[in-house]
Amino acid sequence: MIVALAGGVGASKFLRGLVQALPPEDVTIVVNTADDIELHGLWVSPDLDTVTYTLAGVSDREQGWGLAGETWSCAESMDRYGMPTWFRLGDHDIGTHLFRTERLRAGATLTEVTAEITAAWGLAPRILPMSDDRVTNTIVCDVDGAGVPMHFQEYLVRRRMADPVLEVRYDGIGSAAPGPGVVDALATARGIVVCPSNPVVSIEPILALAGVREAVAGRKVRCVGVSPIVDGAPVRGPADRLLPAVGLEVSCAGVAQGYAGLLDSLVIDVADAGRARDVEATGIEAVVEDTMMVDDDVATALAHTVLEHLEL
Ligand code: FO1
């Protein structure tokens, strides 16, 4: 079994390629839940849903998140009443949040509910939330000279990354346990993949759970990552604001520095071939490949490159 550590949109594109390159039932995906948010009484797990919808082939491919052909009648109705709709929930997507929330309230764990949701979409890969406990990415921003903590979604979506970032916190991480099966999957994997996701708010919260970084660092198999930074900028999302906040350069070399001791190889884009030596200075082999996943064919070719370097 291959275990992939994943965030949302970038990871999902890559995973579509991975399940073409491997039997899907041989893939276990550990997904970040530190972006999860409770809104209007509903538990929303954006990265779990993005991975699920993308692998099910029902995602809005242009937007990256949510469902294709979504309708927004509920949000329009909420607007009428002056309810906050800055985090837009589509009508069909709300069905997923209603199901998840109802099952959690009835006592199911997030791991159990996720298995029910992925089964309902007929998915073969195993999708594991990183934890059944609440961990929250909190971005401390400089607002008029004061340090103001915000939920990641508030920083990203509501305030559109407008505030300078002072610090990134993983609230709840100290008392959270990895989800059932997470450490065991890593310990028995034939290879580990770190998807092209934000290292600070998608991958680090997974690694920071008790025993996870140790399981990756102590593996006897190979571990290969794909850089989410191309030519000094994130393919999407706020990594260019968050990497400097944790002291890392916004480049594939900065990503390598953050993963030093964890990865054997890092796939970097052809645009970054000139940074291969800087990547290798961290002790990680640099593999130069097209990482711009404009379609599933590029994602599948990239997945084959990753598998080659896992030396299965
Ligand atoms: N991203 C936005 O930029 N605006 C939104 O209104 C928004 C709503 C949303 C609803 C459900 C969902 O699963 C994801 C949603 N996202 C939205 C994406 C999300 O904020 C981020 O892409 C991830 O959290 C980052 O991995």
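**The second largest pocket**

Tutor: In the lining of the second largest pocket, 4 residues are nonpolar, 4 are polar and 4 are charged (Ala, Val, Leu, Ile, Met, Phe, Trp, Tyr, Cys and Pro count as nonpolar, Asp, Glu, Lys and Arg as charged, the others, Gly among them, as polar). The model is predicted, so local features need pLDDT of at least 70 and side-chain atom pairs pLDDT 80 or more, while totals for chains, interfaces and linings use all residues. Residues are numbered from 1 along each chain as its sequence is written, and side-chain values use heavy atoms, without hydrogens and water.

The volume of this pocket is about 180 Å³ (the space filled by probe spheres set on its grid points). A pocket is an open set of points on a 1 Å grid where a 1.4 Å probe fits, with protein on both sides within 12 Å along at least five of seven lines; lining residues have an atom within 4 Å of a point. The lining consists of Thr-33, Asp-36, Trp-43, Leu-104, Thr-109, Leu-110, Ser-131, Asp-132, Asp-133, Arg-134, Val-135 and Thr-136.

Beyond its neighbours within four places in sequence, His-151 is in contact (heavy atoms within 4.5 Å) with Asp-35, Asp-36, Ile-37, Thr-136 and Asn-137. His-151 has a relative accessible area of 19%, so it counts as buried (under 20%, with a 1.4 Å probe and protein chains only).

Methods:
Buried < 20%, exposed > 50% of the residue type's maximum accessible area, 1.4 Å probe, protein only.
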